[in-house]
Amino acid sequence: MTVTEGFPPTVNDERAVALAEAVATSLADGQFLRLPTPIMGAEDFSYVLEKVPGMMAFLGVAGEGADLAQCCAIHSTRMMVDESVLPRGTAFLAGCATRFLDRGWD
Amino acid sequence: MATLAQRRGLQTVPALILLLGASLLLNYVDRGAIGVAAPLMKSDLGLSATAFGIAVSAFFWIYAPVQLVLGSLCDRWSVYRMLALGTALWSASTILMGFVGGFLSLFLLRMVLGVGESIIFPGSSKMICRHVPPERRGLANAVVMTGVALGPAVGTLLGGSILATFGWRAMFVVFGMASALWLIPWSGLVRTLPVPTGADRASFPLKKVIGRWSLWAMGVGHATSNYGLYFMLAFLPLFLVQQRGFTILQMTMLATLGYAVQAISALAFGAVSDRWARAGGSEPRIRRSMLVVGHLIYGVAILALFAVHSMPMIALLLCILGACGGPISVNIYAVAQMFAGNAHRGRGSAFKTRSATSRAFSGPRCQASSSTAWATAAPSPWRPRSPLPAVCGGPSCSRASRKSRSIERRRAAIAAPMLTEDLLQDAHGIAGRITALRRAIHAEPELGLETPKTLAKVKAELADLPLEWREGPSCTGAVAVLNAGKQGRSVLLRGDMDALPMPEETGLEFASTVPGRMHACGHDTHTAMLAGAARVLAGRADALPGEVRFMFQPGEEGYHGARFMLDDGLLDPLLDAAFALHIMPNAPHGAIGSRSGTLLASADTLEIAVVGRGGHASMPHQTRDPVPVACEIVMALQTMVTRRFEATEAVVVTVTQLDAGTAFNVIPDRAFLKGTIRTLSPEKRHAVWKTSGALPRTLPRPTTARQK
């Protein structure tokens with residue numbers, strides 16, 4: 001029996017989540033959902049977050065008004081993305097960087 | 001920085017500062033020594049005043065250019081070793097000074113001495129920036145600069161006595177050997193020092209140093225403060241002897257008094273400025289005020305020296321000079337280090353070049369305007385000039401700093417609303433580019449650590465932007481750096497590039513063209529959004545007060561791409577913050593979400609081989625059938641999860657692959673199980689390994705890793 005080490009848990013820094021929330025809510029129609037529980041999926045961004053304080057956020061890319069139960073999840077052969085959301089993701093990333101450079105964790 | 005210093009071996013820092021002070025003392029002993037030896041050397045070597053002046057000032061001429069080079073090397077190589085190297089060079093050439101035979105050997109040795117000393121100022125400034133928090137740099141600089149004040153005093157006093165008894169050659173040999181002894185405690189200390197940490201290892205491009213005029217104003221400040229120092233060192237001794245008729249002994253006592261007062265004053269003002277800053281005073285204001293007031297009084301005192309003749313009055317003025325020299329010498333460096341922030345990044349070298357240049361000017365100037373010796377500085381052109389630059393240096397620096405701060409404030413004000421609508425507008429403005437890149441990547445998925453085509457698409461998309469690209473040997477990961485080395489904070493944005501080994505059934509017109517591969521985890525969109533962010537931020541690069549790095553990472557789907565990029569040092573120096581985005585196709589349109597603390601689980605691979613002994617399916621009792629055992633294990637793992645781990649602490653063990661046998665009537669020799677272990681904390685992760693009897697083995701480097 002062997003265990004091959006995979007990725008460590010992905011742990012978000014509280015300050016980074018607060019910053020991301022401020023950025024997300026400052027975007028037009030912006031909202032930030034605080035997930036009540038972790039998700040049992042994994043990410044190797046965890047290696048970065050072990051060394052650098054930061055966070056990963058999820059971006060909903062379902063179509064507008066789509067029935068979420070009917071959307072194919074990631075790793076599905078029919079997984080689809082509503083591309084009109086992508087600029088929002090770009091603005092969110094750029095916003096996090098700008099705000100952190102300007103104000104740090106404030 | 002304070003916490004960093006506290007965390008990483010603060011106890012060694014006082015020793016470091018003391019040794020830096022000792023190093024400067026040893027370097028500056030030479031100033032006093034060469035001063036007292038000058039007349040004897042000149043006549044022993046049979047040199048004209050001009051020749052002697054040229055040979056001795058070679059030290060300063062080489063100092064300025066070499067300091068720029070070695071200062072930037074201090075940023076690249078170990079600054080501790082560089083300083084040791086410089087001191088070794090210094091000691092060796094000081095010893096050899098005892099054996100000079102004529103103009104050429106003197107000229108060359110003075111040049112080597114200049115090279116040896118030129119490391120100490122950029123080097124010590126870098127070490128102070130690295131190890132000492134800003135509100136303690138006054139005293140740290142004071143201790144270091146005490147070496148500058150005490151060195152000539154020791155050199156003059158001790159050098160004079162050795163010279164009187166054993167001659168100047170013996171004096172240099174003794175001083176050179178004493179310098180070499182410094183290397184012993186230094187090599188011991190360096191081993192215990194904290195490792196250079198991320199934040200201060202970035203290189204700071206020279207063009208950015210040269211481009212900031214406020215830093216040039218700092219250079220002028222350095223020049224004027226050195227002017228004052230060299231007034232004491234080079235001009236004063238001969239002025240006292242020739243113009244005021246003091247004996248050599250009286251001159252030595254007077255000069256030593258000035259240096260001693262300066263050393264005490266440096267320590268006192270260093271400690272006071274620190275305490276003041278810690279008590280809540282504005283550090284820049286405190287340090288710059290001390291510089292301005294110090295320069296003013298210094299200038300007036302120099303002028304007054306020419307008016308007085310009596311020994312007590314001269315002694316009093318020298319005390320005033322020393323008292324002002326203290327805060328000047330301390331704060332001129334502390335202010336320079338303030339510009340450098342936590343990371344010195346070679347800027348000190350540029351300041352010091354200005355000051356070295358001023359010294360370089362002062363050397364030949366002394367020589368050219370007098371016929372007696374290099375140090376017989378001609379008083380007449382100096383007299384009206386000396387107070388002027390000294391007075392101007394301070395305020396001009398402070399004006400420069402004020403202006404640069406106000407520019408930064410304006411930039412911050414511009415940056416604030418940038419957060420909301422502007423960025424989103426910019427992003428919508430390039431929506432076409434983002435989508436096009438996403439579709440191009442989606443159509444041609446690549447797996448694992450090798451995503452060269454994807455990276456090429458990213459690079460082509462961003463080719464027109466002012467980004468510095470970094471790549472490593474382990475994978476096709478690349479980091480694009482915007483505002484590389486810019487003073488301020490640094491932030492990482494990350495996107496992944498690899499796809500999954502699975503068929504695509506979306507029917508999209510840009511669906512995967514590679515059978516059995518699909519971007520089903522959205523990495524195509526992550527990369528496209530990240531490239532978009534790079535374009536949006538590059539458009540505002542000047543207004544961004546820091547560095548942004550964009551991490552394009554392959555091998556997320558189980559290949560540890562991020563770890564390989566970290567191991568390759570692509571993220572060094574480590575950044576202050578990191579952000580990443582992952583799409584969710586079944587989360588509401590445009591919603592962004594996350595949580596504090598643990599967001600995602602650890603994911604380990606579990607593999608079990610059950611080794612039995614096969615046989616005919618009709619006679620299982622004659623075999624050791626591995627299949628029922630494997631089934632037992634699958635169930636036992638589930639029992640383990642519920643019976644050994646609290647229900648409130650998530651542990652998932654899932655067997656996803658079960659493989660055994662080749663025919664309906666053959667019991668196989670072996671059965672194989674494969675699955676995954678998911679936990680939310682390192683503690684639970686290790687507990688599952690231990691409980692399941694697993695023997696975790698470290699991951700071997702994948703065979704796909706490229707070796708360059």
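## Ground rules

Two strands pair if DSSP finds at least two bridges between them. Strands here are DSSP runs (E, at least two residues) and helices are too (H or I, at least four), all numbered from the N terminus.

This is a predicted model, where local features need pLDDT of at least 70 and side-chain atom pairs count only at pLDDT 80 or more, while totals for chains, interfaces and linings use all residues. Residues are numbered from 1 along each chain as its sequence is written, and chains are lettered from A and ligands numbered from 1 in the order in which they are written.

## A sheet built from both chains

Zoom out and you get an open sheet of eight strands with mixed pairing, in the order 3(A)-6(B)-4(A)-5(B)-3(B)-4(B)-2(B)-1(B). Its edges are strand 3 of chain A and strand 1 (468-471) of chain B, each pairing on one side only. On average, neighbouring strands are turned by 25 degrees against each other, direction ignored.

## Helix 20 of chain B

Helix 20 of chain B packs on this sheet, touching strands 2, 3 (489-496), 4 (546-553) and 5 (577-584) of chain B, and its direction makes about 150 degrees with that of strand 3 of chain B. Those angles run from 0 to 180 degrees between N-to-C directions, with axes fitted to C-alpha atoms, for helices over the stretch in contact.

Helix 20 of chain B is mostly covered, with 16 of its 16 residues buried (20 or more other C-beta atoms within 10 Å of a residue's own, C-beta atoms being placed from the backbone). Its length checks out too: at 1.5 Å a residue, its 16 residues (523-538) should span 22 Å, and the end C-alpha atoms are 22 Å apart, which agrees. The expected span is 1.5 Å times one less than the number of residues.

Chain A has three helices and four strands, following the pattern β-β-α-β-α-β-α along the sequence. Of its 106 residues, 53% count as buried.

Across the interface, 87 residues of chain A are in contact with 99 residues of chain B (C-beta atoms, placed from the backbone, within 7 Å). Helix 3 of chain A gives the most to this side, with 17 residues.

Definitions and conventions. A residue is buried if 20 or more other C-beta atoms lie within 10 Å of its own, exposed if 12 or fewer, and partly exposed in between; C-beta atoms are placed from the backbone. Two residues are in contact if their C-beta atoms, placed from the backbone, lie within 7 Å.
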